[in-house]
Amino acid sequence: MKNFITIEGCEGVGKTYHTKRLKEFCEQNKINALFTREPGGSRIAEKIRNIILDPTNTDITNMCEAFLYASCRVQHLEEIIIPALKIGKIVFCDRFVDSSFAYQGVARGIGMQKIRALNDIAVGEYMPQFTLFLDLSAKNAFMRKGGAQNDRLENLDISFHDKVYAAYKELAAAEPNRYIVIDASGKKDETFKLIIDSLKERGVF
Ligand code: TMP
């Protein structure tokens, strides 16, 4: 969907930081944009987020988790994202359907076919126009974050996050027109410049 841009990558890669910088950039340049994030982004969706990320909920099954993310996505999409796109805003979303592909489809081992089917129903025509993938391996991203461990998913073994990273790389290779691969190994300012330049090149700004 035109003007719908998502930001993806492993934990600690700097998604939150760059989303904040993008927000400041849009404000300074009077660009009419909405910034949101998944899982969450609306009252009900934040409630679902709390169930998913609660470290005591170790008994959630993989498939239940996949459905919770998809439910969260539908609520967020219908309540926040679609109305904003309809009034002409550019929507930036920190994580979206590709997180489900990488985390649930591949790393959790549910399989891409099932996760695609589930998310086809949840997302319909609202696939992102562009997906900024902040490219940094799970290990390097984790080290950058200082190894912080505070939610159920971050507590998983590094091999889980290696699978997430490999899945993103495959997704990016399979959809080169939608995926914008950003080298996130450099300094924050350098990475941010790559993001802005890539969006300018594609006519978003
Ligand atoms: P965050 O750390 O970016 O706030 O994301 C929360 C966690 O949720 C993160 O570990 C990635 C995970 N996640 C999925 O597993 N599937 C999804 O569909 C989404 C949106 C996030």
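This is a predicted model: local features need pLDDT of at least 70, side-chain atom pairs count only at pLDDT 80 or more; totals for chains, interfaces and linings use all residues.
Residues are numbered from 1 along each chain as its sequence is written, and side-chain values use heavy atoms, with hydrogens and water left out.

View 1. For R95, the distance from a polar side-chain atom to an oxygen atom of the ligand is 2.8 Å. The protein buries 93% of the 480 Å² that the ligand exposes when taken alone (Shrake-Rupley areas with a 1.4 Å probe).

**View 2. The shell around the ligand.** The ligand has 14 residues around it, and E11, R73, R95, S100 and Q104 come nearest (a residue is near if one of its heavy atoms lies within 4 Å). Helices α2 (43-53), α3 (62-86) and α4 (97-107) each supply at least two residues of this shell. The largest share, 4 residues, comes from α4. Helices (H or I, at least four residues) and strands (E, at least two) are DSSP runs, numbered from the N terminus. Sorted by class, the shell holds 5 nonpolar, 3 polar and 6 charged residues; Asp, Glu, Lys and Arg count as charged, Ala, Val, Leu, Ile, Met, Phe, Trp, Tyr, Cys and Pro as nonpolar, and the others, Gly among them, as polar.

**View 3. Aromatic pairs.** Across the whole structure, a search finds 8 aromatic pairs (rings of Phe, Tyr and Trp, the last by its six-membered ring, with centres within 6.5 Å; planes under 30 degrees apart are stacked, over 60 edge-to-face, the rest tilted). The rings of F4 and F96 have centres 4.9 Å apart and planes at 80°, so this pair is edge-to-face. It links distant parts of the chain, with F4 in strand β1 (residues 4-8) and F96 in the loop between β3 (90-94) and α4, 92 residues apart. F4 is buried at 0% relative accessibility, and F96 is buried at 0% too (buried is under 20% relative accessible area, exposed over 50%, partly exposed in between, with a 1.4 Å probe and protein chains only). F92 and F205 form a tilted pair, 6.2 Å centre to centre with 40° between the planes. Because F92 lies in strand β3 and F205 in the segment after α8 (188-201), this pair ties together parts 113 residues apart in sequence. Ring pairs also link F25, F35, F92 and F205 into a cluster.

**View 4. Charges over rings.** R21 lies over the face of F192, 4.3 Å from the ring centre. K188 takes a place over the face of Y17, at 4.4 Å from the ring centre. The cut-offs are NZ of Lys or CZ of Arg within 6 Å of the ring centre and within 35 degrees of the ring normal.

**View 5. Backbone details worth a look.** Most residues other than glycine have a negative phi, and most peptide bonds are trans. The peptide bond from E38 to P39 is cis, with omega near -10°. K30 is not a glycine, yet has a positive phi of about 50°; K30 counts as exposed at 74% relative accessibility. R95 has a phi near 75° and counts as buried at 11% relative accessibility.

Conventions:
A polar contact is a pair of N or O atoms within 3.5 Å; within protein, one must be able to donate a hydrogen and the other to accept it, and residues adjacent in sequence count only if both atoms are side-chain atoms.
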